[in-house]
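Trainee: I have a model open and would like to go through its contacts and spaces. Where do we begin?

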Amino acid sequence: MRIAIYPGSFDPLTNGHLSIIQRALQIFDRLIVAVAVNPKKVPLFTVDERRSLIQDACQDPRVEVDAFQGLLVEYAKRRGVNVLLRGLRAVSDFEYEFQLANMNRKLAPGIETVFMMTGEDYFYLSSQLVREVASLGGDVSGLVPDNVHGKLVAKYAANGKP
Ligand code: ADP
C-alpha cells in the first residue's frame with residue numbers, strides 16, 4: 001500500500017491543492033491530508049474548519065484528513081508513513097521547498113519528499129492571495145471549491161469587512 005502525507009496550512013484549501021490531491025491519488029493508494037497547526041500564526045480558519053472544508057471538498061475514501069502539531073517527520077513516523085508530498089508552483093517555491101526537504105531528510109533519512117507540479121491553471125494561486133482578494137470583496141469562486149467559497153464570503157461578511 002503506497003501512502004503519502006500531504007501537509008500544509010490549507011488556510012483555506014484551494015483548487016491548486018485539490019489538483020495536487022486528485023493527481024496524487026493516481027500514484028498513491030491513500031493520501032493523508034495533514035493540516036499543520038502552527039501556534040505562532042493566526043489563521044483565518046480554525047484547524048477544525050480547515051479540516052472539515054477539506055473533508056467536504058474531497059469525498060474520496062482514499063483521502064484521510066488529519067491535523068498535526070510539531071515536527072512533520074515525527075508525525076510521519078507516528079503514522080508509519082515515509083513519503084511526504086508537496087506541491088510546486090512557480091520557481092519562487094523551489095528554494096523554500098528545497099530547504100525544507102533537505103532539513104526533513106537530515107532529521108529523518110528514511111522519509112522522502114515527493115514533489116508534484118501544480119496544474120497550469122493554478123500556477124499563481126495561493127491561499128494567501130485567495131484570502132486577500134476575498135477580504136477585499138473580489139470574486140474567488142473559480143479558485144476555490146464551492147464550500148470554501150461559501151465560507152469565505154460568510155467569514156468576511158461576519159467580520160464586517162467588505
Ligand atoms: P504551507 O504553509 O505548508 O506552504 P500551503 O497550504 O500554502 O501550506 O501549501 C501546502 C502545499 O501545497 C505546499 O507544498 C504548497 O507548495 C502546495 N500548494 C499551494 N498552492 C498550490 C497550487 N496552487 N498548486 C500546487 N501546489 C500548491
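Mentor: Begin with a definition: buried means under 20% relative accessible area, exposed means over 50%, and partly exposed lies in between. Keep in mind that this is a predicted model.

Trainee: How does Glu64 count, by its relative accessibility?

Mentor: The limits for the middle class are 20% and 50%. Glu64 has 23% relative accessibility, so Glu64 counts as partly exposed.

Trainee: Which side chain does Glu64 meet in a salt bridge at 2.8 Å?

Mentor: Glu64 is in strand E3, and its partner is in helix H3, residues 72-79. The two are 15 residues apart, and the pair links distant parts of the chain. The N to O distance is 2.8 Å, and the partner is Arg79.

Trainee: Is Asp66 buried or exposed?

Mentor: Asp66 meets Arg79 in a salt bridge of 3.0 Å, N to O. Arg79 lies in helix H3 and Asp66 in strand E3, so this pair ties together parts 13 residues apart in sequence. Arg79 has a relative accessible area of 29%, so Arg79 is partly exposed. Asp66 has 16%, and under 20% means buried.

Trainee: How many residues apart are Asp29 and Arg2?

Mentor: Their side chains meet in a salt bridge of 3.6 Å, N to O. Asp29 is partly exposed, with a relative accessible area of 29%. Asp29 sits in the loop between H1 and E2, Arg2 in the segment before E1, and the separation is 27 residues.

Trainee: How many salt bridges does a search of the whole structure find?

Mentor: The pair Asp29 and Arg2 is a salt bridge, and so is Glu64 with Arg79. Over the whole structure, the search gives 11.

Trainee: Now the ligand. Which residue has a side-chain N or O atom 2.7 Å from an oxygen atom of the ligand?

Mentor: Around the ligand are 16 residues, and Tyr6, Ser9, Phe10, Gly87 and Thr118 come nearest. Phe10 has a polar backbone atom 2.9 Å from a ligand oxygen. Arg86 places a side-chain N or O atom 3.1 Å from a ligand oxygen. The residue at 2.7 Å is Tyr6.

Trainee: Which element gives the largest share of the lining of the largest pocket?

Mentor: The largest pocket holds about 1,400 Å³ of space. Its lining has 47 residues, with Gly8, Ser9, Lys41, Arg86 and Tyr96 nearest its centre. By class, 24 are nonpolar, 15 polar and eight charged. The largest share is eight residues, from H4.

Trainee: How many residues does H4 give to the lining of the largest cavity?

Mentor: The count comes to one cavity of 30 Å³ or more, and the largest holds about 40 Å³. Its lining is Leu72, Leu84, Arg86, Glu97, Leu100, Ala101, Asn104 and Thr113. E4 and H4 are the elements that give two or more of these residues. H4 gives the most, and its number is four.

Trainee: How many nonpolar residues are in the lining of the largest cavity?

Mentor: The lining includes leucines and an alanine: Leu72, Leu84, Leu100 and Ala101. Two lining residues are polar and two are charged. The nonpolar count is four.

Notes: Residues numbered from 1 in each chain as written. Predicted model: local features only at pLDDT ≥ 70, side-chain atom pairs only at ≥ 80, totals over all residues. Heavy atoms only, no water. 1 Å grid on protein atoms, 1.4 Å probe; cavity = no way out; pocket = protein on both sides within 12 Å on 5 of 7 lines; lining within 4 Å. Points joined across faces, edges and corners; volume = space filled by probe spheres on them. Nonpolar A, V, L, I, M, F, W, Y, C, P; charged D, E, K, R; others polar. Salt bridge = Lys/Arg side-chain N within 4 Å of Asp/Glu carboxyl O. Buried < 20%, exposed > 50% of the residue type's maximum accessible area, 1.4 Å probe, protein only. Near = heavy atom within 4 Å. Polar contact = N/O pair within 3.5 Å; in protein donor to acceptor, adjacent residues only side chain to side chain.
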